[in-house]
Protein chains: 2
Amino acid sequence: MTKLTVLVTDDDQAIRDGIEIYLKNEGYNVLKAADGEEALAMLQQHEVHLIILDIMMPKMDGITATFKIREERNIPIIMLSAKAEDSDKIHGLSVGADDYVTKPFYPLELLARVKSQLRRYVQLGNYEKEDKITIDGLQLDEAGKEVIVDDVPVQLTPIEYKITELLMRNAGRVFSTREIYERVWNEEAYNAENIVAVHIRKIREKIEADPKHPRYLKVVWGIGYKIEK
Amino acid sequence: MTKLTVLVTDDDQAIRDGIEIYLKNEGYNVLKAADGEEALAMLQQHEVHLIILDIMMPKMDGITATFKIREERNIPIIMLSAKAEDSDKIHGLSVGADDYVTKPFYPLELLARVKSQLRRYVQLGNYEKEDKITIDGLQLDEAGKEVIVDDVPVQLTPIEYKITELLMRNAGRVFSTREIYERVWNEEAYNAENIVAVHIRKIREKIEADPKHPRYLKVVWGIGYKIEK
DNA sequence: CTTTTTCTTAAGGAATTCTTCATAATTGCA
DNA sequence: TGCAATTATGAAGAATTCCTTAAGAAAAAG
């Protein structure tokens with residue numbers, strides 16, 4: 001599962017930067033734009049999973065931008081607006097925004113809404129992950145929750161599958177045992193080295209012809225494990 | 001598979017248009033109607049695969065419309081209602097709706113429900129389905145609602161048939177007990193593990209030569225069941 | 001209304017997987 | 001080479017998941 005990216009659009013740099021800090025803290029990638037035009041340009045160039053859009057901006061305001069975005073995509077949009085603005089007009093929900101926060105806002109509230117929208121978006125499958133990944137003779141079959149080694153289906157346990165999935169979806173990248181533990185178990189890693197090592201070994205037993213000299217699941221000494229791209 | 005068509009029925013044009021944008025982005029055809037009568041007329045003239053129906057509408061309200069539609073057809077219906085409305089009346093599920101969303105709603109949530117219902121309808125329901133599927137020595141006979149194992153017809157009960165159908169129409173894909181329950185029973189899964197397991201066993205008794213070592217209906221440990229492609 | 005079939009529920013047992021711990025092997029570096 | 005750090009392995013008990021049985025409830029058929 002790769003990092004999710006949020007595009008923050010506001011003409012006030014202080015606000016952009018403030019929001020950025022909170023989002024980065026939660027592990028999101030953050031892109032920034034100062035107006036609607038910039039935001040649209042960003043969308044062309046980067047993979048974005050959620051947009052925060054201020055309504056009042058120079059060049060292109062948030063509502064216009066929402067229309068433009070909605071012509072092409074269903075990505076979640078959260079609108080920001082000053083309290084004073086007319087509540088009918090600003091009810092951006094009707095123009096295609098998915099949620100709506102009035103300024104001034106509590107950063108944690110915005111954060112909660114970002115999370116909520118992303119959860120929906122990701123669960124909905126709008127944010128699609130490949131369901132077939134092939135690396136050399138190794139194939140990940142997402143639908144069947146199995147791995148195919150040289151055309152032979154291999155059953156993995158849930159944990160084994162998740163680890164393999166993580167390494168294959170990010171092939172070439174090295175993951176420390178700590179990282180693997182946190183992403184697969186979804187909890188703080190404490191003394192996780194050994195348990196991850198045990199599972200790695202089990203996976204190797206199943207997918208490697210010669211576990212002593214692994215062809216796919218390799219160790220990077222002192223750092224972690226990876227599957228070569 | 002050809003494009004699926006959704007009929008959006010609401011007396012508020014802004015809502016109709018808002019929903020339309022999301023659905024079109026997702027690749028659906030969209031038809032619109034302002035009240036129940038219009039909706040029924042639309043149904044006569046066009047092929048529709050799912051209906052979104054507001055409850056409060058002039059001329060003919062959503063509940064009446066649901067009754068009329070259900071007299072003839074089994075297509076999925078999603079009801080919209082204002083939060084304030086009386087929870088007994090609005091519990092449209094009892095009058096034949098398949099799902100139910102309160103206003104104001106998050107567009108992405110509605111979209112998720114539309115997708116979920118359509119998936120059910122298309123994959124398991126009455127829409128464009130093959131009426132003969134063969135997997136190895138296993139044959140699904142839609143007309144006779146039975147399964148043929150090595151040329152020997154086998155009678156399944158309704159639930160058994162539906163489970164088998166789901167797994168065969170999506171051969172190779174793993175379904176959790178929860179998913180199986182929700183798709184077959186068409187309701188929220190609560191403590192569904194056991195009941196699904198019992199049915200699985202019954203099916204195995206009927207279609208497997210050696211239920212202890214199933215050839216078709218396999219378990220994927222910690223995840224669910226599948227029938228291999 | 002009675003009989004038969006199907007569905008649901010509960011509970012114990014069986015099988016598989018996960019974790020832990022002890023120990024061995026390997027690597028990088030002084 | 002020898003040492004320290006890191007990774008690999010084996011085996012056992014704990015934990016989880018699945019299977020099976022059986023009996024009563026519900027639904028369908030007669």
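Good morning. In strand β11 of chain A, residues 224–227, A:Gly224 and A:Lys226 point one way, A:Tyr225 and A:Ile227 point the other way, and all are buried (under 20% relative accessible area, with a 1.4 Å probe and protein chains only). Strands here are DSSP runs of E of at least two residues, and helices are runs of H or I of at least four residues, numbered from the N terminus.

The model is a predicted one, in which local features need pLDDT of at least 70. Residues are numbered from 1 along each chain as its sequence is written.

What joins β10 to β11? Strand β10(A), residues 217–220, is joined to β11(A) by 4 bridges, and the two run antiparallel. Pairing requires that DSSP finds at least two bridges between two strands. A:Val219 has A:Tyr225 as its bridge partner in β11(A). The two strands form a hairpin with 3 residues between them, and A:Gly222 in the turn has a positive phi of about 80°.

I turn now to the sheet. Chain A has an open sheet of 5 strands in the order β2-β1-β3-β4-β5, with parallel pairing. Its edge strands are β2 (29–33) and β5 (99–103), each pairing on one side only. From one strand to the next, the twist averages 20°; axes are lines fitted to C-alpha atoms, for helices over the stretch in contact, and angles run from 0 to 180 degrees between N-to-C directions.

Strand β1(A), residues 5–9, runs parallel to β2(A) and is joined to it by 5 bridges. The bridge partner of A:Thr9 in β2(A) is A:Ala33. Thank you.

Methods. Chains lettered and ligands numbered in written order. Predicted model: local features only at pLDDT ≥ 70, side-chain atom pairs only at ≥ 80, totals over all residues. Heavy atoms only, no water. Buried < 20%, exposed > 50% of the residue type's maximum accessible area, 1.4 Å probe, protein only.
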